[in-house]
Amino acid sequence: LARRDGTEIALFLLGAVAVATLGPLLGMFSWRVVLLELGPPLALTRVARVFFVGYLAKYVPGKVPGIVAAVKVATANGITLPRVLVAGTLSSLLVHLTGLAVGLLTGVQVLGGRAAWLVLAALPVLALVGWPHLLGRLVELVVRLLRRPVPARSLSGRAVRVAVGWQTLSWLVSGLHLWLLAVAMGAPVGASLPLCVGAFALAGVLGVLAVVVPDGLGVRETVLSGALALVLPVPSAVAVAVASRLVTTVGEVVLGGAALAAVEVVHRRSSAADAAQTREMNGHAQVDRS
């Protein structure tokens, strides 16, 4: 870093924070598509409130606190328990499958021409895109296991494809922050791009599966360091992996905090407008009676 211009490093860091902030927002759009398909329409503010409360709760050890918080906020915003649980289950499945599919970019970088067989690992995502009704079958299975009423609607093929597209884009954009950090440390620009994007998706999925630590702390850094060691010296690879954690944490907290604050402002203004309208109507009614 000392060999680079300070302005250049600042631009790399700002770019990394920007894409790390944009990635989760794209993931919310994927979750929103699934949620809206399972019931009546919802305002974007209500969707954002539920999503970001559950998203930020992932920093609490274990999965239960986040689920409980999301369910409480969801029910308070008019989303039934079966609907939020089914949407959460299906969205989590899409996150894992698309993350593993994008993670194949790392395998291609490592194995070169011998990586053709890795296409088989992307078959689940291809199956969802080609035969989206399979996800509807999964909805029925989840509902039966939960012993809950069937959601008011079923998932359409278009909704499944759109959700897969948003979530895949979320992984691709999020991974760019790791690439920017690696390039800032001297990694080759072209060769490191697919490696970094794929490594971040793969490390993200493995981190989510490590339920005993908050947000895959340590697991994600280990995977990233191993992948980045292909294009950087090991100390630099470890430094980039740690910097990735800091950048994504800042991006997620800033995005979540800003989104929840904006939702609260909109909610208060809407409540104030409704109250003013009610008072006005009551005043007209009193005049009429007089």
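How far apart do the end C-alpha atoms of residues 224–247 lie, and what percentage of the span is helix and what percentage strand?

A: This is a predicted model, in which local features need pLDDT of at least 70, side-chain atom pairs count only at pLDDT 80 or more, and totals for chains, interfaces and linings use all residues. Residues are numbered from 1 along each chain as its sequence is written, and side-chain values use heavy atoms, with hydrogens and water left out.

The end C-alpha atoms of residues 224–247 lie 14 Å apart. The span is 79% helix and 0% strand. Helices (H or I, at least four residues) and strands (E, at least two) are DSSP runs, numbered from the N terminus. UniProt, in an unreviewed entry, lists 224–247 among its "transmembrane region" features. Its positions are given in the numbering used here, feature names are shortened, and annotations may be inferred rather than shown by experiment.

Another region in that record is 43–60. Its end C-alpha atoms lie 28 Å apart, and the span is 72% helix and 0% strand.

Now the contacts. R245 forms a salt bridge with E221, with the closest N and O atoms 2.6 Å apart. R245 lies in helix α10 and E221 in helix α9 (residues 219–228), so the pair ties together parts that are 24 residues apart in sequence. Both R245 and E221 are buried. A salt bridge here is a side-chain nitrogen of Lys or Arg within 4 Å of a carboxyl oxygen of Asp or Glu. By this rule the count is two.

The other pair is R49 and E264, at 3.8 Å from N to O. R49 lies in helix α2 (residues 44–56) and E264 in helix α10 (residues 234–289), so this bridge ties together parts 215 residues apart in sequence. R49 is buried, with a relative accessible area of 18%. E264 is partly exposed, at 32% relative accessibility. The cut-offs are under 20% relative accessible area for buried, over 50% for exposed, and partly exposed in between (1.4 Å probe, protein chains only).

The C-alpha atoms of T249 and Y59 are separated by 9.5 Å, although the two residues are 190 apart along the chain. Y59 lies in the loop between α2 and α3 (64–76). Y59 is partly exposed, with a relative accessible area of 26%.
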